[in-house]
Each structure stands twice: as C-alpha cells, then as structure tokens.
Amino acid sequence: MRNVQTHLIVWLTAAMVLANGSLSAAVLPDDRADVMYHRYEGDNISIEGPSVLLRKSVGKSLSVSANYYVDMITSASIDVVTTASPYTEERTQTSLGVDYLRGGTMMSVGVTQSDESDFEARTYSLAVYQNLFGDLTTVTLAYGLGNDVVGMSTDPTFARDVTRQQYGIGISQILTRNLIMALNFEGITDEGYLNNPYRSVRYLDDTGGYSFQGERYPNTRTSAAVSISGRYYLPYRAALNAEYRYFNDTWGIVANSWEIGYTHPWRDRWTFSTRYRNYTQGQADFYSDLFPRIDAQNFLARDKELSEFTSQAVRLGVAYDFGREGMGPLDRGRVTFFWDRMLIDYENFLDLRVTGVVPGQEPVFQLEADVVQLFVSFWY
Amino acid sequence: MMKMSIRKWLKVLSCAAVIVGVSGCSGVEPWVKPYERDRLADPIMFLDHDPVSTSYMHHVFESREAARGAQGSVGGGCGCN
C-alpha cells in the first residue's frame, strides 16, 4: 500500500478507462484493442507493468470493454527511506464495462476490482450521455460508488473501510467548425479510514531533535473540481488543446492546474505531439513538516501529497500508423510512444535524508521523474 | 460548508442540464452542419484519442497530487458518427 490518495485513483481510473472511449459523445466507441507497457521512474521508485484494454461492439447498440492493469512497484522513496523499509509490491486491477446506445442517449455501467496485498477496492460506475442540438452538444451525468478495505502488512488483523461517492456532470460543445470545448464538474465524498497506516509525522522532542508518531486524518473528505478544456483545429491540419482546472476540498487544499498541447501530423503516417502541464496546490490545514510537540493537534499529516508544491510536466510523443490496407481481421494499427518528464518543487516538505542540521533547517525536497508509455493499438 | 457547496453546484448544473434538455426538444438549428464537421472528425481533434494512456497519466498525476476529478473525461466529442 503506497498512499491512500493512490487508492482513490483505483476507482477513478477504472471508471475513466471504462468510460473514456465512450465519453466522446453519445455514440458507441470504436472497436479497438490497446496493449501498453508503462514505466514510472523517480525518487528511487520504479513502477511498471502492462495495461490491456479491449473493446468490442455487440450489434449496433451495445459495446463491451475490459481492462487489465498491473503496477509492479519497487520503492525506496524518501518516505520509505526516512520512516520505513524499502519494499516491492504488485497491484492488479480488472475492469468490465457495458455501453448501451439508444437514439441520442447512451448509458454506461462498469465495475472495477483492484487488489494488492494490503488494499482492496471495488467500484461501481454509472453514466448517461445525451446528444442535443443536432449533436452539437453532449451532456453527461455520472455517478460512482467505491468500497475500499485498507489493510496493513505488519498486522494481518488490521482492516478499515472507506466509502467513496463520485458525482459528475459535464457538457461538451461544438462551437465552430474548428473548435470544441468541454466544461466538467466533479464532486467526490470520502468517508472512513483515509490516512495511510504506514505514514508518520515528526515532532520536536525534549532532546532538541525530533521523533515520529502516526498520522491522523479526518474520517471524511469532500472535494469539488471544475475544469474547462478546448481543442482547436489549425488551418494546416494540426491541433492545439488547452485545459484549466480549479480544485478545493474540506481539508483546506486549493489547487490550480493548466496545460497546453500541440498535435502535428507529418506526412501520411506519423503524428508528433507535445504538452506542457503546470499544477500548484496549497497545503492541507493539518499538514506540517515539523510539529512543535507530540499530539500537537487533533489531525496530523506529513504526507508530501498534502503539502504545498508546484509540479511541472513536459511531454514528447510520436505515433506511427500501419496496416491501413488491412491486416486480416484488423482494419489498421498504430504504435505510440510517450515520454513525460516531471519536476515537483515542494515548498514545505523537507529532505530528512540530510542529517546534522537543526530540525526544520533541512533543504526542501525536489522530485524528478520520467514516465514512459509504449503501446500498440488495433482497430477491427 | 463544502458539502453545501457541492450540493449547490449540483443543483445549478442539474437545472442547467434539464433546461438544455428541454430546449433540445424545441428544435434548435445546428449552426455547424453535419457535413461541416470533417475537421472535428479528424483523429487529431479527438478529446481522448488514447483512453488507455489518458487514464494512466491521470493515475500518475493524481497519485502525487491532492486534486482529483473533472479531468476533462466527462463529456467531450463531436457527435461526428
């Protein structure tokens, strides 16, 4: 188990994997298969594995999809080095979804199961898409329910429940022949055991140094996010895209993110793309890198994901189309490579690997990471 | 406080959706005709061309950030089919 935040992603991601192909409007998505290898490398953590996504229509109004995803984790991160021991772990996630189209309306249902040695999550999702105004507009309503069980590798009897509910509403709009925009809102509520049983906070002790005690998070969290995005077709056949998102929650975290991207086809079969993403967040109300004493307050956190920081990411991508003349039962194929470089500058999460200084005077931590994706897609 | 905020948002957006839905029955003339959507139908204009990759990157970002949701996945598309 890495981080409670991470586990929220289990079901958010699952819902998106199942729904994304079909969220493009109230039309059934293409029949396609994707086989991906992914790898994350940063802060002495490597996470790699496959992801396989299959989608096939049944008749003219039904489409089924399945996703199998694996994270194989080897971690000696700053959290692990300073408060625990390096570890290896594997998470597998399986998702199934069904889309049903009737007229300008589509309904999607999905279920996802995620398992790792000390965490289980099951999620159910439901979404309705409605085309309006001659298919210029698509309105989406979505709901998700997740039930998690948080365990602890050092205590087999430890088991805590978390319940999550997700409410989403979105609208996408064709504005001109060259421009499409989307506005999305999503509210998420969590209830249960929301902290990480392995994480600790540090506090000043009587020796002039510091000691650790376990984190304590509130048992509820509610968040809201709203985003606006758009994609514009340039005169020479290329595309510009941009997105902005505002987020806040009941833990006092406020975050802003924006990104801009460019896609450029070259000759007949190549597509090059690039993207810049910027993300900033403020800290949670109960976060501190160094508390003044033990049990300094009701809620305690030193999880760097709850600290104040800025994250930047740059992407380079290339794709090559092949087999357009047909490959047996396959219509065509595409191979895609993405490389993302991430840089996170923490404002108030200090690097405890640096010793021999007064507590609180350690340098701030900085994370650099590379994310690589290589995948082959087939349409049939 | 935050729960109220979300409820308010949902009420407003739900009302907007209902109004839009009801309006849809009144026969608004599409100002971009179906035969004018060739550019929007180009794969480079898809809001989510590679769902398996998009979901993975959301996973990567949200694992390291506190923010979550509204990642541009709900809605989208051009209704070109």
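## Arg55 of chain A

Is Arg55(A) buried or exposed? In this predicted model, Arg55(A) has 24 other C-beta atoms within 10 Å. The cut-off for a buried residue is 20 or more, so Arg55(A) is buried.

Arg55(A) belongs to strand S2 of chain A, which covers residues 45–58. Asn196(A) is 141 residues from Arg55(A) along the chain, and 35 Å separates the C-alpha atoms of the two.

## Strand pairing in chain A

Strand S8(A) pairs with S7(A) and with S9(A). With strand S7 (residues 137–151), S8(A) runs antiparallel, and 15 bridges join the two. One position in this pairing is Gly151(A), which stands opposite Ala159(A) of S8(A).

The pairing of S8(A) with strand S9 (residues 179–192) is also antiparallel and extends over 13 bridges. Here Val162(A) has Gly192(A) of S9(A) as its bridge partner.

## Nonpolar cores

The largest nonpolar core has 27 residues, of which Ile253(A), Ala255(A), Ala284(A), Ala301(A) and Leu306(A) touch the most other members. At least two residues of this core come from each of four strands of chain A: S6 (119–132), S8 (159–174), S10 (200–204) and S12 (220–234). Another core, of 16 residues, lies apart from it; its members include Phe133(A) and Leu136(A) from chain A, and Leu40(B) and Leu47(B) from chain B. In soluble globular proteins, nonpolar side chains tend to be buried together.

Ala255(A) has contacts in both chains. Neighbours within four places in sequence aside, its contacts in chain A are Phe247(A), Tyr279(A), Thr280(A) and Gln281(A). In chain B, Ala255(A) is in contact with Glu65(B), Ala66(B) and Ala67(B).

## Chain B and its helix H2

Chain B has 81 residues, and 47% of them count as buried. Its secondary structure consists of 2 helices and 0 strands.

Helix H2 of chain B runs over residues 51–62.

H2(B) is mostly covered, with 12 of its 12 residues buried. Among them are Val52(B), Tyr56(B), Met57(B), Val60(B) and Phe61(B). The buried residues of H2(B) also include His58(B), His59(B) and Glu62(B).

Methods. Residues are numbered from 1 along each chain as its sequence is written. Chains are lettered from A and ligands numbered from 1 in the order in which they are written. This is a predicted model: local features need pLDDT of at least 70, side-chain atom pairs count only at pLDDT 80 or more; totals for chains, interfaces and linings use all residues. A nonpolar core is a set of buried Ala, Val, Leu, Ile, Met, Phe, Trp, Tyr and Cys residues joined through C-beta atoms within 7 Å. Two residues are in contact if their C-beta atoms, placed from the backbone, lie within 7 Å. Two strands pair if DSSP finds at least two bridges between them. The expected span of a helix is 1.5 Å times one less than its number of residues.
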